[in-house]
Amino acid sequence: MASVFDRFEKNKEYLICVDSDGCAMDTMNSKHIKCFGPCMVEEWGLKEWEEAILARWNDINLYTMTRGINRFQGLLKALKEIDGQYVPIEGLDDLEQWVENTPELSNGSLKKEIERTGSAVLKKALRWSEAVNTSIQMLDEKDKQPFAGVKEALSHAHRFADIAIVSSANLQAVMEEWDVHGLLEHTDIVLAQDAGSKAYCIGELLKKGYEKDKVLMTGDAPGDYKAAQSNGVFYYPILVRHEAESWAEFKETAVSRLSGGSYEGAYQQEKVDAFLRNLGAE
């Protein structure tokens, strides 16, 4: 059976890859603020310290260099801090062992480990993860909007470049969210969770004949930056809490610099420095 890469052909000289959650779509904030954190507080009975714990959850998953980490890695980090500061978390070693050693951080993998060990904390982690999924499904449509300026920016960029969605989110969710807001018409290929890692997807797209200095990855998290770095392509950051301004600059400056050959050097470094500084890395 032909893969999604087999069916794609290079049409333009330039390629721009765009992440979805937290980059093009304003879904990451609402998912963490309304679903992930509150479901953890509920599952582990942390109401007494709710305000501080939720603020810290958001720091870990949205506002620092761990932004965009896997949900179970984020859970482990948060629970270890809670165990040290507020209340003992029973069975934390079981969760740490699984997170650090499992080949796949997913509900399916977690279920297999529960069948093998019967661990109480892993059962709680699975209940939490499933509650998060249910909670996300119940989010209002107003919590699934593109950031201001995304459609205009992609429409502009599409005149110069092939546009690829490169996301680690669920394919169906990405397709639905981009379609309902009229964004899919400005894309050429959709690569989601099932297509492989972001680094792998960019690598496969490069095989279509794009020169590396004519390829740009647009993202909001360190994982996006690393995916660009590992393939030797440019990176443009959408800065958390400054998304509208980031998309305006993408349209007004970044696209023309890419197509004009002046992205490399000072401008690229300026963008990377701003990205790292915004997530507290400097």
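Colleague: Why are helix 3 and helix 6 called oblique to each other?

Modeller: Bear in mind that this is a predicted model. Helix 3 and helix 6 pack at an angle of about 125°, with their axes 12 Å apart. Angles of 65 to 115 degrees count as roughly perpendicular and those over 145 as roughly antiparallel, with the rest, beyond those under 35, being oblique, and helix 3 and helix 6 are therefore oblique to each other. The crossing of helix 3 past helix 6 is right-handed, and the contact involves Arg-71, Phe-72 and Leu-75 of helix 3 together with Ala-125, Trp-128, Ser-129, Val-132 and Asn-133 of helix 6.

Colleague: What makes Phe-72 and Trp-128 an aromatic pair that is edge-to-face?

Modeller: Their rings are 6.1 Å apart centre to centre, with 70° between the planes, whereas the definition asks for centres within 6.5 Å and, for edge-to-face, planes over 60 degrees apart. Phe-72 in helix 3 and Trp-128 in helix 6 are 56 residues apart, and their pair links distant parts of the chain.

Colleague: How do you know that the pair of Tyr-263 and Tyr-267 is edge-to-face?

Modeller: The ring centres of Tyr-263 and Tyr-267 lie 5.1 Å apart and the planes stand at 85°, so this pair is edge-to-face, given the cut-off of over 60 degrees. Both Tyr-263 and Tyr-267 are buried.

Terms used. Residues numbered from 1 in each chain as written. Predicted model: local features only at pLDDT ≥ 70, side-chain atom pairs only at ≥ 80, totals over all residues. Heavy atoms only, no water. Phe/Tyr/Trp six-rings, centres within 6.5 Å; stacked < 30°, edge-to-face > 60°. Helix = DSSP H or I, 4+ residues; strand = E, 2+ residues; numbered from the N terminus. Buried < 20%, exposed > 50% of the residue type's maximum accessible area, 1.4 Å probe, protein only. Axes fitted to C-alpha atoms, helices over the stretch in contact; angles between N-to-C directions. Left-handed = near helix turned anticlockwise from the far one by under 90°. Contact = heavy atoms within 4.5 Å.
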